[in-house]
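The entries follow the order in which I made the checks.

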Amino acid sequence: MQRRQSKLVFGIACTVVLAMLGGLVLVLAHSQSNDRRDLEERFSRRPQVSAALTSALFSATSTTPEQQKQLNRRYGGKTVSTDALTQDARQNNSVFKALLDDQGQLIAISAGAPPGVREELQSAPSYVQSVLTGQQPVALTDFLDLDPGGAQTQAFAQPIETDFGRRILVTGFPPELLAAFLGQTLSKLVEITGGQAYILDSAGVVVASSNPESVPGEPVTIPGLAQAFASRDAGSFGSDQYFAASAIDNSTWRVVATAPESDVFASVRGWDEWTPWLILAAFALALAAAFALLWRVLRNADELSDAHEQLDASNRALQLRARDLERSNAELDQFASIASHDLQEPLRKVQMFSQRVFELESDQLSDKARDYLQRSTDAAGRMQLLIEDLLKFSRVATQGRPFVSADLEEVAREVASDLEGAIEAADATVEIGELPRAVVDEPQIRQLFQNLISNAIKFRREGIPPVVRIDGEVRGRYAEIRVSDNGIGFEPRYASRIFRVFERLHGRGEYPGTGIGLALCRKIVERHGGTISAESTPGAGSTFTVMLPRSRVREPQFVVPNGHPDHQKAEPAGV
Amino acid sequence: VSKGDPITILIADDDEEDRLLTEEALAGARLANDLRFVVDGQDLIDYLRHEGKYAAGGEAAPRPGIILLDLNMPKLDGREALGMIKTDPSLKQIPVVVLTTSKAEADVVRSYELGVNSFIVKPVTFAGLVEVMRGFSSYWFEIVELPAPVRGQGDAHS
């Protein structure tokens, strides 16, 4: 639950921060584009102003009353002499001057006009028509190719209001004439370093220019400019160049200003452009790092809580299993005690009735019958011992007592004193050295010592009084206890077999016993989390080594709250 | 109360052979008391309360001076029967001696908690059993003073 919440919070935080970053990007981009637009507008205002001025200049030549009066005087008469036109043309370096009547018909033309002029004017060109109809006050044209093999000519049409209607005066200018005249104003137009200004006609031919490299009358040669300005009024072109164009009224011309983009937009380019973005990027990176860190922390917390859950689950499983074992142990214990009672009952009867027969019918029995009867009684007795030992064996695990700190030396001495009878009967000596303390199930360790000492005395060599030596020492976490004897010993290859249940190395006739004693020892030691081993030299003696943990690392038994009360059930001490 | 008085010993044991051995051991201990046998806890209670087959007109059930009780019996086991006897005001004066093969400490403790008067573990040999019976009779019939049999139900049958 907690985990989901933290992930949700993390997700929300991420989203919020992403949205904030996005907003910042938009604001920054917007302000930068605003700045750029301002600069674009400011730049394009230059050609606009220039175009307006240029247009006004040409209009003024024919629209003021003063001008009209003067023109009327020269060209408003019933007849107009070619000389006047020729003289005027020569005077202001025109290529030609021609006068058209109110129908657009040629009245007169200056002498020396290029051969194509007459044809051009008789074809009723649009610039003449638009001035004639009053659509435009004056008209300026693209370069006209009126003199094959000669220079290009620009035509300028202006109206003259006469008593005979509106006449049109068409003046042809050579390229240099206007170029020189307009070029001076253009060179003042662009103040930016590297900036240039041009007046281009609709075909992209240079009318005038601040750029000495551009030749009037020739198409503009600046790379990319012709294509760019044909389709747009402003924009980037070529490499790092910006232009803005503005049409000149009453003409096919446009004023085009160009400048290096980096200079025009100096305040929104380079460091000025990128610094805010860099700061933003750095900020975003820092945030990403912070989130990555947070994510790791969250994931670690997840893993931790996963681990906790798994631990809980396995703990629960263990507890369930412990409870199962507890129950089955209790059942086994119950079974064992019932079995022991019910199994022993018939044996007891066999023994008792056999004894009754001995007592009552002793006289009538043959020696053979007495022998057989004795054997069956003995067999029943052995069976009884076996059952009792098996019962002890099964109870090691099920009827253990709480572990307590015990002085092993004291326990060993008490056991030796309990076995005094047997020890004396065998003329044995039991020597007990210093033994460490350990946390043990004391009755079981008592049983262990009893079995080991009895074992040592039982397997004595004939004619040699048994000597049993018990000593030990601390070995790290363990208490080592050695029980050695001078008995018959055993072949080393049997060293592990002797600890198995019912394992016997000798016939029952030689050494009595059920074959459970050492198995019981091993079971007790293992319940304590220790080990038992034996080594021997046949005919010289054996040494049994027991390693017992000195303290409980963990309770070896399954201790479950509200466990089966059988655990408190006590086995009579000294069994 | 002397040895000559006809004190009835009631023996509750489900095992026929044990009943036989106990009877022989008592004979071996030269006890001449009136011996009565019941085969399980229910039979014991019926006997004491004159119910079931011991009801009026049925089998005779003289009130026992002492009861020898086995613990492991079918139907009603010795522990339950003991509990019933010791909580029955008309029966609780009768001394009850547990005679069982069980050595379990829990049984010993439980029996004394229920009010048993003695707890004896059955010896493994017949000689041992005879010895126990001799001690039993000497203790209960020579040393100990027993309450006089309560008049009424027990005498009605005689």
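Predicted model: local features only at pLDDT ≥ 70, side-chain atom pairs only at ≥ 80, totals over all residues.

**Entry 1**

Residues are numbered from 1 along each chain as its sequence is written, chains are lettered from A and ligands numbered from 1 in the order in which they are written, and side-chain values use heavy atoms, with hydrogens and water left out.

A:Glu409 forms a salt bridge with A:Arg413, the closest N and O atoms being 3.1 Å apart. The term stands for a side-chain nitrogen of Lys or Arg within 4 Å of a carboxyl oxygen of Asp or Glu. Why are A:Arg413 and A:Glu409 separated by about one helical turn? They are four residues apart in helix H11 (residues 408–418) of chain A. Helices (H or I, at least four residues) and strands (E, at least two) are DSSP runs, numbered from the N terminus. An α-helix has 3.6 residues a turn, so residues three or four places apart point the same way. A:Arg413 is partly exposed, at 41%.

**Entry 1: further salt bridges**

I counted 39 salt bridges over all chains. One of them joins A:Arg475 and A:Glu480 at 2.6 Å, N to O. A:Arg475 is partly exposed at 42%, whereas A:Glu480 is buried at 7%.

I then turned to a pair formed by B:Glu17 and A:Lys349, with N to O at 3.6 Å. B:Glu17 lies in helix H1 (residues 16–28) of chain B and A:Lys349 in helix H9 (residues 271–361) of chain A, so this pair joins two chains. B:Glu17 is partly exposed at 38%, and A:Lys349 is buried at 5%.

**Entry 2: cysteines and helix H14 of chain A**

A:Cys521 is one of the buried residues of helix H14 (residues 517–527) of chain A, which include A:Leu520 and A:Ile524. After H14(A) comes A:Gly529, with a positive phi near 80 degrees.

**Entry 3: strand E1 of chain B**

Five of the five residues of strand E1 (residues 8–12) of chain B are buried, so the strand is largely enclosed by the rest of the structure. B:Thr8, B:Leu10 and B:Ala12 point one way, and B:Ile9 and B:Ile11 the other. In a regular strand the side chains alternate between the two faces of the sheet.

E1(B) pairs in the parallel sense with strand E2 (residues 34–38) of chain B over five bridges; pairing requires that DSSP finds at least two bridges between two strands. B:Leu10 stands opposite B:Arg36 in E2(B). The chain crosses from E1(B) through H1(B) to E2(B) in a right-handed β-α-β crossover: with the strands pointing away from the viewer, the path from the first strand over the helix to the second runs clockwise.

Strand E3 (residues 66–69) of chain B runs parallel to E1(B), joined by four bridges, and B:Ile66 in E3(B) stands opposite B:Ile9.

Terms used
Buried < 20%, exposed > 50% of the residue type's maximum accessible area, 1.4 Å probe, protein only.
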